[in-house]
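Please read the note below with the model open beside you, and look up each residue as it is named.

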Amino acid sequence: MTTPTARLIETEYRLGAHNYKPLDVVLSRGEGVHVWDIEGNRYLDCLSAYSAVNQGHCHPRILAAMVEQAGKLTLTSRAFRNDQLALFYEEIAALTGSHKVLPMNSGAEAVETAIKAVRKWGYEVKGVPADKAEIIVCANNFHGRTIGIVGFSTDPDARTGFGPFAPGFVTVPFGDIDALRAAITENTVAFLIEPIQGEAGVLIPPAGYFPAVRELCTAHGVTLILDEIQTGLGRTGRLLAEEHEGIEADVTLVGKALSGGFYPVSAVLSNSEVLGVLKPGQHGSTFGGNPLACAIARAALKVLVEEDMIGNSARMGERFMDGLEGIRSNIIKEVRGRGLMLAVELDPAAGGARKYCEALKARGILAKDTHGDTIRIAPPLVITEDQVDWALEQFEAVLRD
Ligand SMILES: *Cc1c(COP(=O)(O)O)cnc(C)c1O
């Protein structure tokens with residue numbers, strides 16, 4: 001007899017492309033930090049849809065804003081104006097201290113948009129010869145899945161078999177200021193980097209790296225683009241992860257939690273003249289900036305701030321990190337993180353993180369293995385002390401000797 005769970009998994013496998021290998025749990029409901037599978041089992045979500053659900057599943061205030069707006073007006077295209085876009089601009093600009101905003105849908109689209117804008121800026125403002133613009137990126141980056149983006153990935157899974165790729169990208173090691181200095185030329189228009197490399201396993205660069213990056217970029221007229229699609233909007237215990245470094249990017253990319261997980265909403269935020277180079281007809285998106293997206297994003301930002309989720313991320317992150325560091329285990333190689341963006345790297349001898357994620361699932365925690373040996377931990381930012389302590393008990397049970 002096949003269970004409903006088995007039947008849905010079999011159907012997915014038969015009809016779907018196999019571009020993911022999910023844990024075998026079929027979810028049908030979410031509320032706050034919890035999700036439930038179709039058999040009624042409850043789990044603590046320690047992935048938060050890769051930090052898209054920072055505000056917690058089905059946050060009631062975001063839901064109400066979505067339902068209200070969906071009954072009024074959903075899409076006009078940018079051929080006409082809508083009454084939500086200006087308010088979204090006003091609120092996100094004030095919150096992040098940005099001067100210009102360009103709304104898109106997925107994170108990858110925000111990355112592509114920034115690449116187009118800095119190239120054009122390079123030709124029109126910096127004076128780079130036509131088609132010679134160079135953008136410096138980091139090894140082990142993750143910026144999305146388009147052809148443009150995977151072309152400058154260093155992950156063989158992400159890029160192999162998908163070429164030919166666009167030229168104009170130069171790769172340097174993450175966290176290596178000398179390599180960045182050596183890579184900058186007269187034609188360098190931008191340096192694109194994640195403040196913390198999430199997909200690579202929550203890698204934090206050495207102290208002093210980002211201030212030095214900021215200085216180099218300013219000195220050479222290079223646009224500093226921070227991809228905060230995962231690190232931004234409270235995940236690291238600050239609104240933007242750049243605040244930990246005491247720097248400001250020229251261009252900041254946000255997505256994921258910009259909608260609290262209700263809808264794909266991303267944005268390019270700019271402190272500089274970069275977005276000013278785009279003129280009518282030169283870039284766009286049918287859904288980008290639509291009134292439903294704007295109403296949802298406005299509510300998602302509002303609850304993040306008004307319900308002190310950023311402060312809670314800092315406090316609960318510290319508690320979680322302290323607890324993980326206190327687990328006595330021979331198989332833990334390192335615990336890293338900032339705020340509620342945490343990772344436990346296991347010793348390669350432990351045989352990979354996947355089986356520990358399976359064991360956590362059996363104990364009611366959904367977490368994701370990344371790059372073989374690392375368990376990534378990123379619960380919604382609304383997690384409470386009791387929930388952190390309960391989660392720590394489960395991690396201890398699974399990881400202790
Ligand atoms: C998730 C992510 C992206 C891509 O976002 P999509 O919405 O999946 O296109 C880009 N950059 C970073 C750092 C991300 O974590």
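This is a predicted model: local features need pLDDT of at least 70, side-chain atom pairs count only at pLDDT 80 or more; totals for chains, interfaces and linings use all residues.

1. Residues are numbered from 1 along each chain as its sequence is written, and side-chain values use heavy atoms, with hydrogens and water left out.

2. The protein chain is divided into domain 1, made of 4-58 + 308-400, and domain 2, made of 60-306; these bounds come from an automatic or database domain assignment. The centres of the two domains, taken over C-alpha atoms, are separated by 26 Å.

3. How many residues of domain 1 are in contact with domain 2? There are 30 residues of domain 1 in contact with 32 residues of domain 2, where contact means heavy atoms within 4.5 Å. The size of an interface is often given as the accessible area lost when the parts come together. Between domain 1 and domain 2 the buried area is about 2,500 Å², and carbon and sulfur atoms give 57% of it; buried area here is the accessible area (1.4 Å probe) that two parts lose on being put together, summed over both. Of the area that domain 1 buries against domain 2, I310, R338 and M341 supply 31%, more than any other three residues.

4. Between domain 1 and domain 2 the count is two salt bridges, a salt bridge being a side-chain nitrogen of Lys or Arg within 4 Å of a carboxyl oxygen of Asp or Glu. The count between the two domains is also 22 residue pairs in polar contact, both residues at pLDDT 80 or more. A polar contact is a pair of N or O atoms within 3.5 Å; within protein, one must be able to donate a hydrogen and the other to accept it, and residues adjacent in sequence count only if both atoms are side-chain atoms.

5. On the side of domain 1 that touches domain 2, the elements that give two or more residues are α2 (48-51), α12 (309-325), β11 (332-338), β12 (341-346) and β15 (374-377). Helices (H or I, at least four residues) and strands (E, at least two) are DSSP runs, numbered from the N terminus. The largest share of this side, four residues, comes from α12. Its residues divide into 15 nonpolar, eleven polar and four charged, where Ala, Val, Leu, Ile, Met, Phe, Trp, Tyr, Cys and Pro count as nonpolar, Asp, Glu, Lys and Arg as charged, and the others, Gly among them, as polar.

6. Most residues other than glycine have a negative phi, and most peptide bonds are trans. A cis peptide bond, with omega about 0 degrees, joins G163 and P164, and P164 is placed in the loop between α7 (156-159) and β6 (169-172). L233, in the loop between β8 (223-227) and α10 (242-245), has a positive phi near 60 degrees. L233 counts as buried at 3% relative accessibility, since buried means under 20% relative accessible area, exposed over 50%, and partly exposed in between (1.4 Å probe, protein chains only).

7. D308 also deserves a look. Its phi is positive, about 50 degrees, although D308 is not a glycine, and D308 lies in the loop between α11 (291-306) and α12. The side chains of D308 and R315 meet in a salt bridge (3.0 Å, N to O); D308 is partly exposed at 38%, and R315 is partly exposed at 46%.

8. Leaving aside neighbours within four places in sequence, N312 is in contact with G317, L381, V382 and I383, and the N312 side chain reaches the backbone oxygen of I383 at 2.8 Å.

9. Within helix α13 (residues 354-362), E358 and R354 lie four residues apart, about one turn of the helix, and they form a salt bridge whose closest N and O atoms are 3.4 Å apart. A network of salt bridges links K333, E334, R336 and E345.
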